[in-house]
Amino acid sequence: MGKLEVMNHPLIQHKLTIIRNKDCGTREFREVVNEIARLLAFEAARELPVEDVTIETPMGKTTSKQLAGKKLAVVPILRAGLGMVDGMLDLIPAAKVGHIGMFRDEETFEPHEYFVKLPSDIDQRQIFMVDPMLATGGSAIMAIDAIKKRGANPKNIKFICLVAAPEGVKALQAAHPDVDIIAAALDDHLEDGYIFPGLGDAGDRLFGTK
């Protein structure tokens with residue numbers, strides 16, 4: 001079963017409180033989402049493999065560590081996932097970026113895929129899939145289905161979100177038990193398909209389309 005890691009770091013929790021506030025404006029919301037994404041990327045990268053290299057410092061030769069092996073890809077679920085990409089790339093600027101377009105039927109809450117564009121070597125990459133919300137889990141499940149279908153190694157996928165609902169975590173773990181989930185917060189429950197207390201519609205708040 002994939003792990004669920006909830007990041008209870010004081011900085012993350014403080015920033016999450018800022019964007020939960022309904023009076024947080026679009027500009028501040030967008031900035032703070034990227035700040036949280038940066039902190040989550042730091043945690044997500046904790047298990048990346050490293051190797052020894054010999055370098056020369058101003059004092060002489062030494063053996064030090066550098067990232068080894070897997071290349072990285074950040075894959076946002078459109079459109080709200082775009083709000084986390086810049087924060088992730090601040091820490092891992094060499095990562096390639098794929099995109100998965102999903103929209104949710106507002107009556108049935110069922111997800112529908114409309115666009116998939118991934119790096120050609122996605123099978124060789126560690127993938128950080130990002131979406132601010134893990135609510136019912138439907139979009140995340142379908143998006144992971146899409147990248148697995150296109151060759152992604154299931155062991156190389158991490159799903160990273162700001163706020164998760166227990167129902168979404170359970171659904172995602174059942175559908176994709178090989179995928180780890182990293183969240184800034186695990187909220188209480190779903191109400192009419194939305195996370196409570198949550199932070200509202202992340203896409204609308206990121207792009208000012210309330």
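Mentor: Contact here means heavy atoms within 4.5 Å. This is a predicted model, in which local features need pLDDT of at least 70 and side-chain atom pairs count only at pLDDT 80 or more, whereas totals for chains, interfaces and linings use all residues. Residues are numbered from 1 along each chain as its sequence is written, and side-chain values use heavy atoms, with hydrogens and water left out.

Let us begin with Thr136, which, once its neighbours within four places in sequence are set aside, is in contact with Arg104, Glu167, Gly168, Ala171, Leu190 and Gly193. Thr136 sits in the loop between strand 9 (133-134) and helix 4; helices (H or I, at least four residues) and strands (E, at least two) are DSSP runs, numbered from the N terminus. With a relative accessible area of 29%, Thr136 is partly exposed, because that class lies between buried, under 20%, and exposed, over 50% (1.4 Å probe, protein chains only).

Thr136 also belongs to a "binding site" annotation from an unreviewed UniProt entry, which covers residues including Arg79, Arg104, Asp131, Pro132 and Asp201. The lining of the largest pocket includes, from this set, Arg79, Arg104, Asp131, Met133, Leu134, Ala135, Thr136, Gly137, Gly138, Ser139 and Asp201. UniProt positions are given in the numbering used here, feature names are shortened, and annotations may be inferred rather than shown by experiment. A pocket is found on a 1 Å grid over the protein atoms alone, as an open set of points with protein on both sides within 12 Å along at least five of seven lines, and its lining residues have an atom within 4 Å of a point.

A further "binding site" feature, again from an unreviewed UniProt entry, is placed at Ile195, Gly200, Asp201 and Ala202. The lining of the largest pocket takes in Ile195, Gly200, Asp201 and Ala202 from that set.

Ile195 lies in strand 13 (residues 194-196) and is buried, with a relative accessible area of 9%. Leaving aside neighbours within four places in sequence, the residues in contact with Ile195 include Met133, Leu134 and Ala135, which are also named in the annotation that covers Thr136. Leu190 is in contact with Ile195 and is likewise listed among the contacts of Thr136. Gly200, by contrast, lies in the loop between strand 13 and helix 6 (202-207), and at 42% relative accessibility Gly200 counts as partly exposed.

Note on methods
1 Å grid on protein atoms, 1.4 Å probe; cavity = no way out; pocket = protein on both sides within 12 Å on 5 of 7 lines; lining within 4 Å.
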